[in-house]
Amino acid sequence: MAVAAAQTADVPPLTLDAAVRQGMVRAPLLTARNAALNAMRDEAVRAGRLPDPSLTFGVSNFPVTAPGAFSLRSDSMTMRTVGVMQTIPSHAARAADRSLAAAQVDAAEAEHTATAQSVREQVADAWIGVWAATQQRALLEALRDESALAVQVAKARLRGGTGSAADVLAAQAQALTLANQIEAADADVQAARASLQRWLGGVPATLADAPDFDQLPVAPDQLEQHIDRQAPMQAWQSREQVADAALAQARASKHPDWSVSLMYGKRAPFLSDMVTLQVGVSLPLFTRNRQDRDISAKQEQRDAVESAYEDARRAQRETVARDVAAWQGWGRQIARDREALLPLARDRARVALADYRGGGTLQPWLDARHDEIALRLSYVDALATRARTWAALAYLLPAQPASSENTP
């Protein structure tokens with residue numbers, strides 16, 4: 001047990017940046033995206049190459065009617081043949097195939113980038129969950145001594161004949177209610193640690209101070225100017241490239257493909273053998289209901305992707321603007337709570353308890369305590385919401401590091 005405690009003590013507090021880095025290394029989803037990306041790269045190497053040649057063999061000019069039916073030697077034209085045939089797609093088709101494969105690689109890279117951004121944000125969200133739950137428990141725990149003091153005062157006044165049993169019961173009920181709230185906060189901490197453990201495998205006993213959630217690592221105007229660089233938008237760029245490549249592939253289908261065949265024929269003894277060379281070319285003559293239809297469909301699909309891309313760009317710009325406004329609004333509320341409302345609620349409760357100790361009634365303290373607890377819980381909710389909004393903005397740009405560690 002002493003060794004385990006010493007090992008735990010040696011583990012430094014976990015910072016938000018460290019949690020994100022560990023989560024990125026250990027995320028199975030990123031491993032899956034890497035495998036998909038490697039598969040697309042292998043496909044890109046294959047794309048645009050000539051298909052495998054075909055080996056042909058058989059019998060030519062084989063007689064099936066008399067005289068000499070079903071004999072390999074009865075007719076001088078009968079040959080046993082072996083040959084090789086190579087199909088040669090058009091240069092345009094091969095170039096389009098390579099372009100499509102390259103676009104699919106870009107799409108896989110974009111999906112990897114978007115997944116990495118999502119993992120960073122989810123790990124940060126899990127870390128923030130532990131941090132916020134810990135903050136909530138600490139704020140509630142700070143009120144325990146005053147609740148115990150209120151119970152002692154109520155009992156003392158009852159013994160002195162200036163209080164009532166109802167005050168004692170009310171003070172005890174308030175203390176028990178606070179204890180229940182602290183127990184619930186403990187459960188929230190454990191649940192949040194389980195969420196973080198999903199990403200990290202293990203969570204140290206303590207967290208480091210939170211980064212400065214009042215400052216974004218990227219200025220809001222920079223986020224506005226780099227909408228297309230943001231991870232959710234990169235997939236749209238690659239989708240547009242895939243649609244362009246598919247359109248080029250459809251247009252390439254109007255170019256003829258070629259084939260070359262070389263065949264060697266073995267005839268009966270004492271007769272000369274023969275070599276046959278053939279060149280074939282496809283004839284895309286009736287394109288109206290075939291190639292042209294495909295080209296038209298791919299063009300419409302490309303236009304659809306372009307329009308959807310513009311809609312996604314507008315939606316992302318709206319999301320960023322909303323998140324920035326929300327982050328700024330929560331920051332102002334938190335500052336007001338921390339600098340004014342929380343101190344006022346604390347002073348109100350202390351004054352009410354002091355008044356009760358001096359002979360006043362208990363109800364003002366009970367009301368003040370109820371309002372102070374509600375304010376503290378609301379304050380923690382605001383801290384968590386602002387922190388999560390901060391994370392959503394801080395990790396928008398690919399591989400964008402979070403800010404340095406400071407107190408909130």
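Tutor: A residue is called buried when its relative accessible area is under 20%, exposed when over 50%, and partly exposed in between (1.4 Å probe, protein chains only). This is a predicted model, in which local features need pLDDT of at least 70, side-chain atom pairs count only at pLDDT 80 or more, and totals for chains, interfaces and linings use all residues. Residues are numbered from 1 along each chain as its sequence is written, and side-chain values use heavy atoms, with hydrogens and water left out.

Student: What share of the 408 residues in the protein chain is buried?

Tutor: Buried residues account for 36% of the 408.

Student: How many helices and strands does the protein chain have?

Tutor: There are 10 helices and 4 strands, counted as DSSP runs numbered from the N terminus (helices: H or I, at least four residues; strands: E, at least two). From the N terminus on, their order is α-α-α-β-β-α-α-α-α-α-β-β-α-α.

Student: Why is the protein chain called more spread out than a compact globule?

Tutor: The globule rule is 2.2 Å times the number of residues to the power 0.38, and the radius of gyration is taken over C-alpha atoms. For 408 residues the rule gives 22 Å, and the protein chain has 38 Å, well over that, so it is more spread out than a compact globule. Its C-alpha atoms fill a box of roughly 140 × 50 × 35 Å along the principal axes.
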